Amino acid sequence: MTQTINRSALFNASCLALITTAFSFSIRAGILPQLGDSFGLTAEQLGFINSMWFLGFPISMILGGLFYHIVGPANIMRIAFVTHTLGILMTIYAGGYTTLLISTLFIGFGNGCTEAACNPMIADMYSGTTLNKMLNRFHMWFPGGIVLGSLVSKFMTDSGFAWQAQVWVMMIPTIAYAVLFFGKAFPKPTVEGATSVGSNIKAMFSPVFIFLFFCMALTAITEFGPQQWVGLIMSASGASPMLILALTTGVMAVGRFFAGPVVKSLGQTGVLLGGAIFAALGIFMFSTVTGPMAYLAALIFAIGVCYFWPVMVGAVAQRVPLSGALGMSIIGGVGMFSTAIFQPIIGGWIDSDRAAQAAAGLTGDALELAAGQETLMKMVSFPGILIVLFIIFFIWQRGSKPAASAAH
């Protein structure tokens with residue numbers, strides 16, 4: 001690169017932006033019951049509100065990938081700041097269901113801009129095994145931020161703070177990343193051939209990309225489905241839902257920090273297959289255990305989903321390098337779009353399982369626990385399918401070596 005790039009400052013600012021994304025995820029999960037009570041919303045309606053977060057994400061990720069080489073990461077992050085701020089303020093002053101839908105869509109759009117700008121920017125600043133390490137350390141701050149956000153949410157809820165006060169907390173990392181990015185020089189694409197949208201699209205028609213495309217839809221819902229609904233599903237399990245979320249994401253953060261030697265030892269395909277097995281076991285345990293055992297289930301689940309997102313992004317960057325920034329954005333976008341589709345479906349599962357358990361004569365906490373565990377049992381199918389797919393991928397990619405550097 002011919003220009004002086006402050007890689008440390010850019011990377012730290014990227015991490016702060018991802019913490020904003022994490023806060024919007026965990027704090028919203030924490031206030032979900034309060035939103036339902038305040039506005040008289042059903043679980044299905046809460047699911048549609050959740051889906052706006054996951055819908056705004058892929059829209060901006062795909063747009064950011066398409067125009068990354070035209071507008072640049074700096075402008076994409078400016079858009080992220082504006083939409084994050086708008087979404088947070090609209091949530092705080094929401095008057096009902098419709099406003100919550102729109103405000104959550106704005107926040108999701110800002111989150112997608114963060115991924116669209118920062119993933120290819122990091123891939124342009126690092127290469128080889130360092131790329132895998134830094135992508136994992138960047139994505140470490142999504143679970144790491146969720147740990148902070150879930151603990152803040154639990155403390156503020158237990159202390160009697162209104163849900164609006166919790167949403168204000170999201171502005172802290174939002175302002176911080178804007179200040180740190182301000183005035184910095186950004187890296188140029190490392191492989192100019194990848195700046196052609198035509199070459200990006202052609203690369204995305206490769207069998208490996210198409211396979212990863214479908215796998216990403218399942219890895220994302222496997223990770224985000226149980227986490228987003230932990231407050232409602234686990235509220236009657238005898239364990240603290242927000243502590244379960246904090247434990248899960250804390251383990252994920254630590255695991256991603258040490259991802260370098262793990263990925264080097266097991267390879268991308270081995271990590272993905274192992275993750276699917278642990279995720280299936282963790283969700284199954286969630287659906288059957290209560291009390292302190294729920295924390296063990298959280299630990300196993302966290303080990304399973306820990307590397308899904310960054311390793312899937314890294315696999316695209318290194319195994320389909322000519323897909324460029326667009327390919328990385330598409331793969332992340334499909335993960336979020338899949339999650340958006342499943343949010344109201346999961347909410348519908350909860351409502352129908354509640355009705356079924358009520359018809360069976362259960363009431364109170366017993367009803368909530370039975371309905372939540374029945375919903376979780378349905379979610380086991382997601383990692384179950386992934387186990388089969390990643391066995392195929394492990395065999396298929398045996399002996400193939402990822403590109404040392406990615407094209408963006």
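Mentor: Leaving out residues within four places in sequence, Ala116 is in contact with Ser60, Met61, Gly64, Gly65, Tyr68 and Ser329. This is a predicted model: local features need pLDDT of at least 70 and side-chain atom pairs count only at pLDDT 80 or more, while totals for chains, interfaces and linings use all residues. Residues are numbered from 1 along each chain as its sequence is written, and side-chain values use heavy atoms, with hydrogens and water left out.

Trainee: What makes Ser60 a contact of Ala116?

Mentor: Contact means heavy atoms within 4.5 Å, and Ser60 is among the residues that meet this for Ala116. By contrast, the C-alpha atoms of Ala116 and Gln397 are separated by 27 Å, and these residues lie 281 apart along the chain.

Trainee: Why is Ala116 called buried?

Mentor: Buried means under 20% relative accessible area, exposed over 50%, and partly exposed in between, using a 1.4 Å probe and protein chains only. Ala116 has 0% relative accessibility, so Ala116 counts as buried. This residue sits in helix α3 (residues 97-125); a helix here is a DSSP run of H or I with at least four residues, numbered from the N terminus.

Trainee: And how do you know whether Ser338 is buried or exposed?

Mentor: The relative accessible area of Ser338 is 7%, so Ser338 is buried. Ser338 lies in helix α15 (residues 324-359) and touches Ala217 and Ile221, not counting residues up to four places away in sequence.

Trainee: Where does α1 bend?

Mentor: At Ile31, by about 50 degrees, and Pro33 follows within four residues. The bend is the angle between axes fitted to the seven residues ending at a residue and the seven starting there. Of the 33 residues of α1, 25 are buried, and just after the helix Gly40 takes a positive phi of about 65 degrees.

Trainee: What makes α1 antiparallel to helix α2 (residues 43-92)?

Mentor: Their axes come within 12 Å and cross at roughly 165 degrees. Therefore α1 is roughly antiparallel to α2: under 35 degrees counts as roughly parallel, over 145 as roughly antiparallel, 65 to 115 as roughly perpendicular, and the rest as oblique. Axes are lines fitted to C-alpha atoms, for helices over the stretch in contact, and angles run from 0 to 180 degrees between N-to-C directions.

Trainee: Then why is α1 called oblique to α5?

Mentor: The axes of α1 and helix α5 (residues 141-158) come within 7 Å and cross at roughly 40 degrees. That value makes α1 oblique to α5. The contact includes Cys15 and Leu18 of α1 and Trp141 and Phe142 of α5.

Trainee: What about α12 and α16?

Mentor: Helix α12 (residues 259-286) and helix α16 (residues 364-379) pack at about 165 degrees, with axes 8 Å apart. That makes α12 roughly antiparallel to α16. In this pair, Ile283, Phe284 and Phe286 of α12 meet Gln373, Leu376, Met377 and Met379 of α16.

Key
Helices (H or I, at least four residues) and strands (E, at least two) are DSSP runs, numbered from the N terminus.
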